[in-house]
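Hello,

Notes on what turned up follow below it.

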Amino acid sequence: MSDQKLSPNQTDQLDLVYGLNDRPRPIIAFLAAFQHLLAIIVPIVTPGLLICLALGVSKEDTNMILSMSLVISGIATFLQCKKVGPFGAGLLIVQGTSFNFIGPIIGIGSAMVAAGTPVESVMAAIFGVVIAGSFIEMGVSRILPWVKMLITPLVTGIVVLLIGLTLIKEGLISMGGGYQAMSNNTFANPDNLIMSCTVLGLIILLNRIRITWVKSSAILIALIVGYVLAGFMGHLDFSGLEDAPLVQIPTPMHFGLDFSWSLFIPMAFIYLVTSLEAIGDITATSKLSNQPVDGATWMERIKGGVLVNGANSFLAGIFNTFPSSVFAQNNGVIQLTGVASRYVGIWIAALLVILGLLPAVAGVIQAVPQAVLGGAVMVMFGAVAASGINILSGIHLDRRALLIIAISLALGLGVAQVPQILEHLPELFRNIFSSGVATGGIAALLLNIILPETKK
């Protein structure tokens, strides 16, 4: 099956049909890859679509950004599975656009647009920050043990929970029809609520069905139904396809490059947290693949996986899309199929790149009304918050931990809801604390150092 020795503490093995280094026949590999694609394609394109809709990016540029999200995810998935030199974990790992960065990008990007900065200049600043921040994650991959000592599961759990909670507002705005609906007085009208609530309700109902593949594809199935419903209601807009080329040629730095300190501070912190999230996801994939979850081989996989996280975010900034990270969704598909072969990942990567090079795919996705998308993103954003709760539930919540959680959440959510509290601070401090995630995360990090840990 696989050529790696298992660690002594790894006694619960998964009964795999195809192990890590097995090569399934092409038809089996394609079918397994297609199941992964069903679970990941919506999460890959959703962050870019939400950001573009919120900032008012043109349909042509949105199409390009969505296409590049798929291409860059394909490149990262190939590196993770194939392992090229120090790049990659050598496991069946899928990588895609990260939800963690949506809040700061929309919040600070919208403020820049409202202040009169042209959208193209805002996008140039965003992608400049994406590139700069990627070096943080690449650096972290080289000093993981030290970073893990500084940013503990308590800090990580608080930051991930804050990311999810601060995104809920964006989810509700999407359910009501988005920022465009706010501007034309159609926000939360009956049509938008019918579409969004239908999608949300279907996701809940599909998760009651005991067929595993239906549960794992519930979001995609619900969105397809919502898409059809939007068509019957006359709300599909295919104008993004009108001037789309037959093939999307990747164009480096389409918007140029700029920089924004107010965006860099929260993004830098999220890059750190995303690195540590990747450790958990890669470890889970390693365990499901009957590979070591400690020792030198495991640490090499972790370092290679986090390095690709950063390197691919660098590529994402160059080719006009948003930071990527390791996806956890594929672990469920590995359990479902019993296929842990990393060669399946190469098929996934090829499918993602092919779809990304066909602008018609991004155009069809872009045609979906934001209200339809809103029903799904409420579940996705809630899942981010639930992931933070899951991390916190795995640690001992003594009085010290509860105090750190209380203060960090209060400060982070407080700043997110009442940003006026920062009005009279110097510009440097406004830049640092303008994001609720950065404020709460910095508070958690400092309190974790300052408050003495109770001896067990």
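Cysteine 197 is partly exposed, because its relative accessibility is 44%. Please keep in mind that this is a predicted model. Cysteine 52, by contrast, has a relative accessibility of 1%, so it counts as buried. The structure holds zero disulfides.

Nonpolar core

The largest nonpolar core comprises 119 residues. Within this core, Ile65, Met123 and Ile126 have the most contacts. Helix α1, which covers residues 26-55, gives the most to the core, with 16 residues. Leaving aside residues up to four places away in sequence, methionine 123 touches Leu55, Val57, Ile65, Phe255 and Phe322.

Salt bridges

There are two salt bridges in the structure. One joins aspartate 237 to lysine 59, with 3.1 Å between the closest N and O atoms. Aspartate 237 sits in the loop between α10 (218-232) and α11 (261-288), whereas lysine 59 belongs to helix α2 (residues 59-82), so the bridge ties together parts that are 178 residues apart in sequence. Aspartate 237 is partly exposed, at 34% relative accessibility. Lysine 59 is also partly exposed, at 34%.

Glutamate 300 forms a salt bridge with lysine 83, and here the closest N and O atoms are 3.8 Å apart. This pair, too, links distant parts of the chain: glutamate 300 is in helix α12 (residues 295-318) and lysine 83 in the loop between α2 and β1 (95-97), 217 residues apart. Glutamate 300 is partly exposed, with a relative accessible area of 47%. Lysine 83 is partly exposed as well, with 25%.

Glutamine 366

Lysine 59 comes up again at glutamine 366, whose side chain reaches the backbone oxygen of lysine 59 at 3.3 Å. Glutamine 366 is found in helix α15, residues 359-366. Is glutamine 366 buried or exposed? Buried means under 20% relative accessible area, and glutamine 366 has a relative accessibility of 12%, so it counts as buried. Not counting residues up to four places away in sequence, glutamine 366 touches Leu49, Lys59, Thr62, Asn63, Leu66 and Gly240.

Regards

Note on methods:
Residues numbered from 1 in each chain as written. Predicted model: local features only at pLDDT ≥ 70, side-chain atom pairs only at ≥ 80, totals over all residues. Heavy atoms only, no water. Helix = DSSP H or I, 4+ residues; strand = E, 2+ residues; numbered from the N terminus. Buried < 20%, exposed > 50% of the residue type's maximum accessible area, 1.4 Å probe, protein only. Polar contact = N/O pair within 3.5 Å; in protein donor to acceptor, adjacent residues only side chain to side chain. Contact = heavy atoms within 4.5 Å. Disulfide = S-S within 2.5 Å. Core = buried A, V, L, I, M, F, W, Y, C linked by side-chain atoms within 4.5 Å. Salt bridge = Lys/Arg side-chain N within 4 Å of Asp/Glu carboxyl O.
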